[in-house]
Every structure is written in C-alpha cells, then in structure tokens.
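Trainee: I would like to learn how to read a structure that is new to me, beginning with the overall form and then turning to single side chains. Could you guide me through it?

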Amino acid sequence: MSMVKKIHKWSSVIVGIQLMVWLGSGMYFNFMDHTKAAGNTYKSNKITAVDWQQLKLKGLELKEPKMVLQQQLASNSLALIELVGKPYYLLNHQRGLYDNFVNKHSVVDAITGEPVIIDNSFAESLAAQSYTGPGQIVSTTLMQPPIADLLKQKNAVWQVNYSDDINTSVYIEADSGRIAGHSDDDKRLADFFLKLHFMDYANEGSFNNEFMMFFAFLTLFLSGTGLIWTIDLALRGQYKIKWFARKTTVKLFDSNQKSMGQLAFSNHKNLLDGLVDHKIILPSTCGGGGTCGRCRIMINQNVKSTAADVQHFSVQELEQGYRLACQHFCDDVEHMTLMDITDAKKYTLELTSSVYLSPYIKELRFKAHSKVPVQYKAGAFMRFFIPDSECHSIPADLPGELKPYWQHISPLDYQHSACSRSYSLASIDENTNELMFVIKLQSAGNPAVLPGIGSNYLGNLKVGEYIDALGPFEEFYAKSDSDKTMVLVGAGSGMAPLKSLIEEQLFLQSHNSIDKTIAKPAREIHFFYGARNENDIVYVDYFYELAKQYPHFYYYPVLSRPDKDWLGATGYAQHVLALNWQNIVAQGDPEFYLCGPKGLMDDTIRLLRDKGVPESDIAFDVFS
C-alpha cells in the first residue's frame with residue numbers, strides 16, 4: 001500500500017505541474033492579440049491576376065494545356081496559376097490530401113511551355129509580393145522539413161527573412177511557388193505556448209501526440225490509485241459514521257507499565273482525540289495528520305500498521321505494537337500503553353480582541369476560562385479544535401481600507417468538517433490570563449482552491465465567541481542554560497513564537513540587571529524579519545522601541561517588494577543574515593531560532609549548514 005501511495009503522490013506532482021502549465025498557457029491565449037499571433041502582421045491580402053488584355057496586345061498566347069501535358073512527366077492535374085503577374089501552369093505529379101502534405105509539382109511557363117525552377121531570386125520576388133512591412137530581405141535559405149515555424153509542412157520551402165521589428169519570415173514552397181505561410185516573433189511566441197498547452201514536446205505540430213496520451217493514462221491511473229487508497233482507509237476504519245458510533249473499553253498503562261485503569265472510547269474518534277476527552281493529552285504538532293510522529297502509543301501487535309506508522313517506527317518497533325494514536329481507533333484495541341504524556345490541558349478560550357496588523361495578518365487575543373493561569377515557555381503552541389461550520393473566503397469584518405488587497409479573491413462560502421489546527425503563542429498576559437496569537441489568513445487565489453480552514457474560521461470569530469484548544473505544547477523554546485548570541489529569523493506569521501522568545505529573553509535580562517546577585521551578562525539578540533512591503537510588516541514600531549530600550553537587541557526588518565520610500569534592508573531575511581554574518585559571529589558561535597514559510601526555512605538552514613553551524617544550535621518551528 002505504501003508503494004501505491006508513493007506512486008500516487010509522484011503522479012500527482014507530475015500531473016499538477018502539467019496542470020499549472022495548462023493554466024499558464026491558457027491565460028496567455030486569453031490575453032494575446034489573435035491577429036498578431038497568426039503571423040500575418042505584414043502579410044498582403046491583395047490578390048493579383050494576369051492582365052490578359054496586355055497579353056493579347058503583345059500578341060502572346062498561352063500554350064495548349066494538352067501539349068504541355070504531353071511534354072512533361074505524367075501528371076494528376078494541370079492548373080493555370082499566376083506568379084508575380086505572369087501566367088504559369090502548375091502540374092501535380094503526386095497529390096497529398098492537403099497542400100502541406102507531401103506533394104510533387106512542376107511549374108511550366110504558360111506562354112513558352114518551358115519548365116521553370118523556383119530559385120532564390122524567384123522566391124524573393126514571390127515573398128516581396130506577399131510582404132507589406134518596412135523591412136528589407138536579409139537572407140534567403142532553402143529548407144527541408146521539419147521546419148520549426150511550419151511544423152505541419154512536409155515539402156521543401158524557401159525561407160525569406162526580413163529585417164523588420166518582429167523578424168518576419170515568408171515561406172515559399174520550392175516546387176510550386178505557393179506561399180506556405182508567414183511567421184514572426186509574435187507567432188513564434190504563440191506557437192511556444194501552444195506547444196506547452198498541447199504537450200507537443202516532440203514538435204509534431206499536433207495535439208494528438210504521445211505525451212497527451214501518456215498524461216491521459218496517468219490521470220486515469222491517478223484516479224485508480226486514489227480509489228485504492230480510499231478503499232484502504234475505509235477498511236482500516238479511517239472513515240466513521242457518527243450515527244453508528246459505539247464505545248469500547250480499553251485498559252491504559254503509563255510508560256512504566258503502571259495501570260491507569262480502564263477508559264471507554266468512542267470508535268468515532270481516533271485514540272489521540274479520544275484521550276483528550278479523558279483529559280489525557282499526548283504531544284502532537286501536526287494535529288492528528290500522522291506527519292509529526294509524536295503521539296506514540298503501544299497497542300495490540302495484531303492491529304494493522306498504517307503508512308504513517310511505517311514511516312515513524314522501525315520494523316522491530318512495529319512488531320512490538322508501536323503505533324501513532326492519531327492513526328487508530330478503539331475497535332480492535334484491548335490495551336494501550338502511553339509513551340509520552342504532556343502537562344497540556346484543554347481550555348475553553350473566549351475571544352476578547354481581533355485586530356488587523358496587516359491586510360492578511362490578525363492579532364487575536366483570547367481569555368482562558370480556567371481557575372489556574374495558563375503557564376508556558378515562550379515559543380509554545382496550542383492546538384485549536386475547529387468545529388463543523390460555514391466559512392467565507394473574505395473576512396466579514398474586513399475594514400474598507402483593506403478591501404483593495406482582497407479584490408483578487410473570489411467571494412466564496414463553503415462548508416468544512418471538524419478538524420484541528422495549531423498556532424503559536426505570541427505572548428501571554430499573566431495578570432488577565434489573556435493569550436495572544438498572530439495568525440495569517442490563508443486566502444485562495446481561485447475558486448478551485450479553498451482558503452485555510454483554521455485561519456479563516458479564527459479570523460471570522462466575533463469578540464465574545466468561544467473555542468476549545470489544547471496546550472500549551474512546548475516543542476520550540478530557548479535554551480535556558482545558554483549564554484550564546486541568539487539569532488532569530490522569521491517572516492509572516494512566523495513572527496508569533498519569535499516575538500514570544502524575544503520578550504522572554506529581554507525580560508530575563510531586565511530582571512538580571514535589577515537582581516545584583518545574578519552576574520550573568522545580557523546576551524545579544526539579533527532578529528531578522530521578512531515581509532513583502534510596508535503594509536505586510538507587523539509590530540515594526542514596537543521592535544524599534546525595544547531596540548532603543550535594550551542595547552543588546554538588534555532588529556532587521558527586510559522587505560522583498562519595498563516601496564520607493566523604504567530606507568531599510570531589501571531582499572529576503574536570510575540574505576540579510578548572510579550579509580551580517582561576520583558581525584554576528586564576532587562575539588562567538590551563535591544559536592539560531594527559525595520560524596516562517598518553507599522557502600525561508602530551507603534557505604536559512606542551507607546557509608547555516610554551509611557555515612558549519614551544528615544541528616544542536618539550530619531550532620525551528622515548522623509551519624504545518
């Protein structure tokens with residue numbers, strides 16, 4: 001089954017890339033100038049004909065067609081044509097279905113009866129008759145198929161090139177004098193996008209090609225593997241119907257094999273969420289997606305392992321019964337050993353404030369309804385339970401001044417099922433027990449893609465509404481026994497845990513300076529934060545003020561698409577880090593804390609590894 005999933009995923013990647021190519025080339029066809037794309041910008045539409053009256057005045061008469069046919073090679077047909085104002089007979093010796101198919105012709109002077117060869121001089125005269133542009137002829141070349149500008153042309157042609165603004169080429173069929181076509185830069189660009197759109201990567205000039213057939217079968221295969229995957233999930237009980245839910249009693253043991261009693265679990269919920277109902281919380285950074293591998297348990301060995309189990313456990317561990325709680329239900333479980341139990345709790349949170357920090361980022365403040373204040377290490381996160389509800393692609397409380405930033409988003413109301421999402425704490429007010437989160441509202445660029453379920457649900461919450469959350473989970477935090485320089489790199493809503501870390505460290509430094517018994521010197525903190533433009537950067541004044549107040553705190557806001565008035569650093573946060581590297585390491589080897597989009601994380605980790613920073617000095621909080 002793991003092989004089916006792997007093939008399905010890679011097939012999805014290939015089809016997905018080609019889908020993006022289809023969409024991009026399709027957009028080009030919608031906006032291109034169809035007249036220019038045909039290559040006829042400088043093509044003459046004037047039809048010339050022989051002046052028969054002038055021929056008679058000169059005493060010239062046409063050769064009898066019968067005599068011409070007798071003197072030439074066997075022919076299928078004879079036609080009287082005009083080339084550069086003179087009459088000629090065109091004889092066909094081998095007929096193709098269309099003009100561009102393989103044909104064999106010969107041209108005979110209709111007055112003298114002598115055969116005529118279409119040489120380069122004759123081809124240039126024919127091209128000049130068909131050309132209306134300002135350019136001059138720069139070259140004339142006899143070309144054999146295949147011909148890049150005329151992929152369907154199967155006969156030899158003269159290419160006559162002109163020195164105009166769009167590099168026009170006129171093509172004259174070498175044995176008939178027929179204008180085979182015009183091409184220029186506009187048509188070549190259109191042909192390139194046509195090749196991409198129809199996957200004509202072999203330059204056959206047709207959409208009925210091997211690549212198109214391959215992708216048709218690949219898409220069909222993708223549907224088949226998806227169906228197999230769905231059936232496998234159903235057989236393993238991953239799809240549960242609420243109406244038929246039942247409870248099963250499971251014996252619980254802690255990591256020391258000490259009995260924790262028997263608890264009843266609903267087979268409608270996975271074991272991770274079922275434990276939450278009994279106030280037992282296992283660590284999980286992915287919220288039950290099976291990707292983090294943190295919710296480790298040991299159950300009956302005969303319970304079938306999932307692909308996520310196989311990914312996170314060795315063969316020996318699987319044989320012992322190690323599984324992920326989020327991947328299994330109570331149906332076949334008789335006993336369960338909990339490997340890790342956190343101090344996290346389930347809280348009911350009331351929204352007390354919802355404020356836009358930028359067009360797409362909100363600061364949300366929640367009051368925890370708990371007798372005991374919420375305690376946490378800076379950098380911790382909480383897992384929110386998003387209920388079944390209707391969501392909106394555009395926030396209902398969007399201020400008028402922010403609406404222009406959301407104009408490209410299509411209004412969309414959609415229904416989503418219950419799920420969970422994790423968000424980092426940006427700070428906590430211990431006096432009011434108020435928790436602050438900085439959340440980016442994940443929008444959708446087109447109606448075929450749904451916006452972020454968690455961020456849009458939380459972003460649309462109204463002050464006074466409630467939501468349940470687990471936590472805090474402390475996976476990302478500053479080393480308490482370290483005096484190394486701290487370097488924090490983030491972007492977007494990756495601000496949240498980094499802001500929390502900075503405030504914690506500055507508070508400790510401030511406390512140390514007051515308490516004279518603590519001689520520990522303040523360590524330097526460098527904060528590199530990236531955003532697109534000044535509208536997207538958050539808390540900028542707040543951090544500038546901290547930099548003034550604390551001489552060991554350095555703030556580097558970086559904009560990738562700044563306005564002309566921006567006086568700060570430009571580019572990307574990780575690049576500005578590289579530029580300041582020598583100043584940072586001058587005080588000794590630093591430690592790094594990263595949180596932001598995948599591109600920033602990958603680039604920064606690559607930079608740190610190239611600089612020889614040990615893994616133990618790199619901590620990061622990954623967006624999931």
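The dialogue below goes from the whole chain to particular residues.

Mentor: Please keep in mind from the start that this is a predicted model.

Trainee: How many helices and strands does the protein have, and what box do its C-alpha atoms fill?

Mentor: The secondary structure comes to 16 helices and 27 strands, and the C-alpha atoms fill a box of roughly 120 × 60 × 50 Å along the principal axes. A compact globule of 624 residues would have a radius of gyration near 25 Å, whereas the protein has 37 Å. Buried residues make up 44% of the 624 residues.

Trainee: Is Tyr-347 buried or exposed, and why?

Mentor: Tyr-347 has a relative accessibility of 9%, and because buried means under 20%, it counts as buried. Tyr-347 has its place in strand β14, residues 345–356. From C-alpha to C-alpha, Tyr-347 and Val-374 are 9.1 Å apart in space, while in sequence they are 27 residues apart.

Trainee: And Trp-10, is that residue buried or exposed?

Mentor: Trp-10 counts as exposed because its relative accessibility is 57%, and the cut-off for exposed is over 50%. Trp-10 is found in helix α1, which covers residues 2–31, and together with Val-13 and Ile-17 it forms a nonpolar patch on the surface, with about 340 Å² of accessible area for the three together.

Trainee: How is a pair of aromatic rings described?

Mentor: Such a pair is described by the distance of the centres and the angle of the planes. In this structure the count comes to 25 aromatic pairs. Take Phe-528 and Tyr-556, whose ring centres are 4.0 Å apart and whose planes lie at 10°, so the pair is stacked. The pair links distant parts of the chain, since Phe-528 lies in strand β23 (residues 525–531) and Tyr-556 in strand β24 (residues 553–559), 28 residues apart. Both Phe-528 and Tyr-556 are buried.

Trainee: Which residues do ring pairs link into a cluster?

Mentor: The cluster consists of Phe-527, Tyr-529, Tyr-539, Tyr-542, Phe-543, Tyr-544, Phe-553 and Tyr-555.

How values were computed: Residues numbered from 1 in each chain as written. Predicted model: local features only at pLDDT ≥ 70, side-chain atom pairs only at ≥ 80, totals over all residues. Heavy atoms only, no water. Patch = residues over 30% accessible without salt bridge, like charges linked within 9 Å, V, L, I, M, F, W, Y side chains within 5 Å. Areas by Shrake-Rupley, 256 points an atom, 1.4 Å probe, with all protein chains shown as cover. Salt bridge = Lys/Arg side-chain N within 4 Å of Asp/Glu carboxyl O. Helix = DSSP H or I, 4+ residues; strand = E, 2+ residues; numbered from the N terminus. Buried < 20%, exposed > 50% of the residue type's maximum accessible area, 1.4 Å probe, protein only. Phe/Tyr/Trp six-rings, centres within 6.5 Å; stacked < 30°, edge-to-face > 60°. Rg over C-alpha atoms; globule rule 2.2 N^0.38 Å.
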